[in-house]
Amino acid sequence: MNLLYKSTRNTSQKVTASEAILKGLADDGGLFVPEFIPQLDVPMDELKDKTYQETAYIVMKQFFTDFTEEELKHCIERAYGDKFDTKEIAPLVKIGDTYYLELFHGATIAFKDMALSILPHLLTTSAKKNHVTKDIVILTATSGDTGKAAMAGFADVPGTKIIVFYPKGGVSAVQERQMITQKGNNTAVVAIHGNFDHAQSGVKTLFEDQKLKEKLAQFGYQFSSANSINIGRLIPQVVYYVYAYAKLLQHEQITPGEKINVTVPTGNFGNILAAYYAKQMGVPIDKLLCASNQNKVLYDFFETGTYDKNREFILTSSPSMDILVSSNLERLIYSISNEDAKKTAELMGDLKQCGSYEITPEMRERLSDFVGGYATEKETAEIIENTYKNTGYVMDTHTAVAAHVCRAYKDKWDNYTKELVVSTASPYKFLKSVMTAIDDKYQTMDEFDLVEELNKISGTPIPNAISEIKNAEIRHRRECNVDQMKETVLDILEIEV
Ligand SMILES: *Cc1c(COP(=O)(O)O)cnc(C)c1O
């Protein structure tokens with residue numbers, strides 16, 4: 001059976017999975033969603049003995065139905081190989097009563113690698129299938145992790161170019177160094193004078209610019225997106241929820257069918273949406289805890305039914321979650337509106353015009369799978385410190401936000417459901433914040449000197465992603481204002497206006 005995709009804002013146009021991957025965003029500005037969420041067609045009892053790659057095939061074949069078995073397996077093999085530092089790809093670690101699903105064992109030591117290591121292969125395969133002859137230009141806004149992971153995936157992939165915009169001053173020192181030292185002749189990095197939301201809405205505007213699209217076509221280019229709005233990123237993220245549950249079962253940590261709670265540190269709402277899809281596929285998940293930092297738009301949304309981005313943007317120690325417009329929430333809105341594209345378009349119009357929207361009481365009722373929570377900067381630091389002191393485990397700031405929200409929920413409701421906390425970054429990526437949470441004395445030390453310190457106190461080996469950037473040459477120095485993004489793209493592509 002062929003599963004087609006439609007836009008959240010207009011359901012009359014339907015496209016195949018490979019077309020949706022190529023386009024990124026639908027023509028009407030909506031996001032592509034599958035016509036329905038398929039059910040897992042392999043029982044958990046069998047899934048529990050599968051490798052990550054085998055699980056990936058079982059899940060993805062249900063969504064990407066126009067790919068042949070050979071194509072899909074080829075993409076999976078190239079993505080989930082020795083770029084990861086563990087054969088398990090996404091290991092589960094039990095600390096106290098909590099299971100941490102570590103999604104940071106890929107090339108750039110953050111969870112974005114889980115999807116961005118496969119996206120280039122899905123995209124180039126999609127291009128071949130659809131007889132695309134133009135070069136694909138990946139345009140990406142990043143709050144720090146996506147940009148590097150996307151470039152690592154796309155660097156020197158024939159037929160592609162990638163341009164990354166990041167907020168100047170809005171990413172960690174390690175994140176910035178990782179990006180500006182990126183190799184590959186098809187990569188470009190631009191620091192914009194603005195925050196992540198400026199970068200993201202700027203990129204969205206470029207995608208919607210029909211004149212620009214024509215101009216690019218003349219020069220043999222077409223845009224595509226590596227942001228988490230691309231269905232080619234969302235679906236690979238469903239895989240690790242299926243895998244994690246299966247592994248809990250394999251290691252007899254849960255009984256068959258036992259429900260678990262999943263806490264996800266959330267920014268753009270992609271990762272947690274994938275968990276929601278996994279639940280709909282049949283993975284026994286009870287609550288999905290959506291963990292925010294002090295930019296708690298999502299928490300307020302789950303509490304009140306109103307999404308309101310009109311507020312101060314706060315730079316926190318978990319910068320990859322410093323987001324006021326969570327793009328993927330649109331897919332949830334569409335789902336809880338009973339797939340009402342008109343209603344979804346209307347609410348997204350409100351968001352664009354007034355910066356806020358309010359869902360109906362019926363829609364709110366359908367949000368019962370979700371619980372919102374947030375952690376302050378102090379709570380984030382405290383849980384890093386306490387977990388280290390009690391167990392020796394060092395977690396990063398994003399994971400800490402989730403760990404706090406998970407604990408607070410458990411305490412508040414006396415809840416004994418087994419809990420999975422999604423661990424989205426290696427502590428080596430956010431050294432300054434992590435180390436000062438453990439001890440103030442690290443405050444005055446250079447971020448790169450903290451590498452050895454973390455190695456000493458945690459005993460976890462220094463990841464390759466860190467050692468390789470230490471003395472790497474800086475290759476990207478471009479900066480621009482928010483209103484210069486279009487000219488900058490044209491300049492990078494050497495297109496004259
Ligand atoms: C991107 C990112 C997140 C947020 O994930 P979303 O899918 O955008 O909600 C959380 N933690 C880290 C480390 C990230 O890089």
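A residue counts as near a molecule if one of its heavy atoms lies within 4 Å of it. Of the 15 residues around the ligand, those that come nearest are Lys112, Asp145, Gly267, Asn268 and Thr424. This is a predicted model, in which local features need pLDDT of at least 70 and side-chain atom pairs count only at pLDDT 80 or more, while totals for chains, interfaces and linings use all residues. Residues are numbered from 1 along each chain as its sequence is written, and side-chain values use heavy atoms, with hydrogens and water left out.

| Residue and protein atom | Distance to a ligand oxygen atom |
|---|---|
| Asp145, side-chain N or O | 2.4 Å |
| Gly267, backbone N or O | 2.8 Å |
| Gly270, polar backbone atom | 3.2 Å |

The protein buries 97% of the 390 Å² that the ligand exposes when taken alone (accessible areas by the Shrake-Rupley method with a 1.4 Å probe).

Gly270 also belongs to the residues of helix α12 that meet helix α11, among them Leu273 and Tyr277, where contact means heavy atoms within 4.5 Å.

Note on methods: Helix = DSSP H or I, 4+ residues; strand = E, 2+ residues; numbered from the N terminus. Polar contact = N/O pair within 3.5 Å; in protein donor to acceptor, adjacent residues only side chain to side chain.
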